[in-house]
Amino acid sequence: RAQGSRIGVGELLDAHRALAAVDCASREDSRLALRTVLCSGRADLPRFDEAFTAVFGDGRAPDAGELDQLGAIERAALPRAGIPGTALPAQQAAQEPRAVPAAWSDVELLREKDFAQYTEAEIALARELIVRLARRGPTRISRRTRPVRRRRGHTLDLRRVVRASLRTGGEPVRRHWRAPSRRPRPVVLVCDVSGSMTPYARVLLQYLHASVAARRRVEAFAFGTRLTRITNELGGRDHDRALERAAAAVADFSGGTRIGAALAELNRVHGRRVGRGAVIVVLSDGWDRGDPEVLDAEMARLRRSAHRLVWLNPLAAHPDFEPLTRGMRAAVPHTDELLAGNSLASLEQLARILEEM
């Protein structure tokens with residue numbers, strides 16, 4: 001995938017089935033089976049050969065000198081606490097068994113890791129957890145009601161009571177109740193894709209795509225020097241194609257930052273689409289080249305129309321962080337929550353806050 005080949009979940013599952021259908025002990029059979037399902041064009045053949053050699057080697061047996069060199073390399077190893085390294089003495093083994101901590105998992109290690117330090121493999125590994133977090137969103141009480149069995153705090157369903165009384169000669173023997181239902185609250189995600197946010201923009205765009213694909217009434221925008229609506233580009237289940245469409249639509253990717261002008265366009269051009277009562281999440285580090293007075297005025301206007309206004313700043317993860325930049329000083333007074341959007345743990349915190357709204 002890093003070389004440009006289109007490899008998704010479908011191809012991954014087909015690769016598992018192909019390896020199960022051949023002799024995995026044979027290097028050549030495994031190579032041909034994987035190449036059959038992972039290569040969709042002639043251009044993918046040299047890419048596959050290079051990736052296969054990088055992962056499984058060239059097939060020749062290493063000599064003794066190479067093995068000695070590999071053994072002399074010092075590398076940090078993470079201990080798996082759930083797997084004891086040495087056998088227990090007989091006297092200790094006869095004692096009552098003690099609890100052993102569970103072994104670490106790759107996802108747990110990624111929870112606190114900064115997005116800027118992710119490798120390509122770690123980005124792909126974190127995608128599943130990001131999809132789960134994106135399904136969690138805010139709700140609100142709807143004007144529509146639904147039938148319920150419990151009576152307390154609910155209203156009488158007269159239509160069902162009258163309909164049920166026809167079975168008992170017109171006597172309303174059984175009573176029925178209705179209660180207000182809950183529906184998803186609109187969510188607006190505004191992501192900064194300027195140069196200072198480049199290490200985080202790729203993973204945060206994954207979160208935008210997962211939110212658009214998982215829930216209704218989600219609007220996604222990207223901004224650098226100007227605002228671009230990317231909701232339609234992020235639609236669909238194919239993650240790679242959605243990000244390609246979004247990257248092609250955003251002309252100012254990895255450029256400058258004008259947060260105030262972008263929010264002004266959001267308020268005036270997309271005000272009807274955003275509507276009132278939405279939860280607005282701004283993902284930016286606050287480095288703004290525009291006029292801070294414009295940002296202050298647009299943030300105040302945006303706050304008046306929003307149900308809640310949340311700001312995710314990757315720099316806020318540092319324990320000594322203070323909103324000292326001009327952009328953050330203008331934005332913080334109008335925000336309800338200021339979170340660090342630099343890791344999976346911060347996205348989990350955002351998901352909890354959204355569910356409580």
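Reader: Which strand holds R183?
Author: This is a predicted model. R183 falls within residues 177-184. That run is strand 3.

Reader: Which residues form the positive surface patch?
Author: A patch takes residues with over 30% relative accessible area and no salt bridge. R183 has a relative accessible area of 33%, so R183 is partly exposed. The positive patch is formed by R144, R183, R216 and R217.

Reader: How many salt bridges does the structure hold?
Author: A salt bridge needs a Lys or Arg side-chain nitrogen within 4 Å of a carboxyl oxygen of Asp or Glu. One of them pairs D49 with R31, at 3.8 Å from N to O. The number of salt bridges in the structure is 19.

Reader: How many residues apart are D49 and R31?
Author: D49 sits in helix 3, residues 44-56. R31 belongs to helix 2, residues 27-38. The pair links distant parts of the chain, and the separation is 18 residues.

Reader: Is R31 buried or exposed?
Author: Buried means under 20% relative accessible area. D49, its salt-bridge partner, is partly exposed at 32%. R31 has 19% relative accessibility, so R31 counts as buried.

Reader: What is the N to O distance between K113 and E122?
Author: K113 is partly exposed, with a relative accessible area of 23%. E122 counts as buried at 19%. Their side chains meet in a salt bridge, N to O, at 2.8 Å.

Reader: Which residues do salt bridges with shared partners join into one network?
Author: Here the salt bridges share partners. The network joins R6, E11, D238 and R241.

Methods
Residues numbered from 1 in each chain as written. Predicted model: local features only at pLDDT ≥ 70, side-chain atom pairs only at ≥ 80, totals over all residues. Heavy atoms only, no water. Patch = residues over 30% accessible without salt bridge, like charges linked within 9 Å, V, L, I, M, F, W, Y side chains within 5 Å. Areas by Shrake-Rupley, 256 points an atom, 1.4 Å probe, with all protein chains shown as cover. Lys, Arg positive; Asp, Glu negative; His and termini not counted. Charge placed at Lys NZ, Arg CZ, Asp CG, Glu CD. Helix = DSSP H or I, 4+ residues; strand = E, 2+ residues; numbered from the N terminus. Buried < 20%, exposed > 50% of the residue type's maximum accessible area, 1.4 Å probe, protein only.
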